[in-house]
Amino acid sequence: MASKGLQDLKQQVQGAAQEASAQQVVDQATEAGQKAMDQVAKSTQETIDKIANQASETFSGFGKKLGFMS
């Protein structure tokens, strides 16, 4: 009977270890996904900023050529 109890305990420990491993994999995948999304957002924002600056410089140049700005 003690053997049955030890076997049950062993199975419970193994089950808990497998669940912990699976959760760790999920956590790591989630973290990697979040880092990737953060990088995409940063890159997108940098591109938007560059385009906005270029547009601003272009319109400023047109304004100066047309005499609207000095």
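User: Why is D8 called partly exposed?

Analyst: D8 has 29% relative accessibility, and partly exposed covers the range between buried (under 20% relative accessible area) and exposed (over 50%), with a 1.4 Å probe and protein chains only. So D8 counts as partly exposed. A word on the source: this is a predicted model, where local features need pLDDT of at least 70, side-chain atom pairs count only at pLDDT 80 or more, and totals for chains, interfaces and linings use all residues. Residues are numbered from 1 along each chain as its sequence is written, and side-chain values use heavy atoms, with hydrogens and water left out.

User: What makes D8 and K4 a salt bridge?

Analyst: Their closest N and O atoms are 3.2 Å apart. A salt bridge needs a side-chain nitrogen of Lys or Arg within 4 Å of a carboxyl oxygen of Asp or Glu, so the pair of D8 and K4 qualifies. The two are four residues apart in helix α1, which means about one helical turn separates them.

User: And how do you know that K4 is exposed or buried?

Analyst: K4 has a relative accessible area of 51%, so K4 is exposed.

User: How many salt bridges does the structure hold?

Analyst: Two. E31 forms one with K35, and there the closest N and O atoms are 3.4 Å apart. E31 and K35 are also four residues apart in helix α1, about one helical turn.
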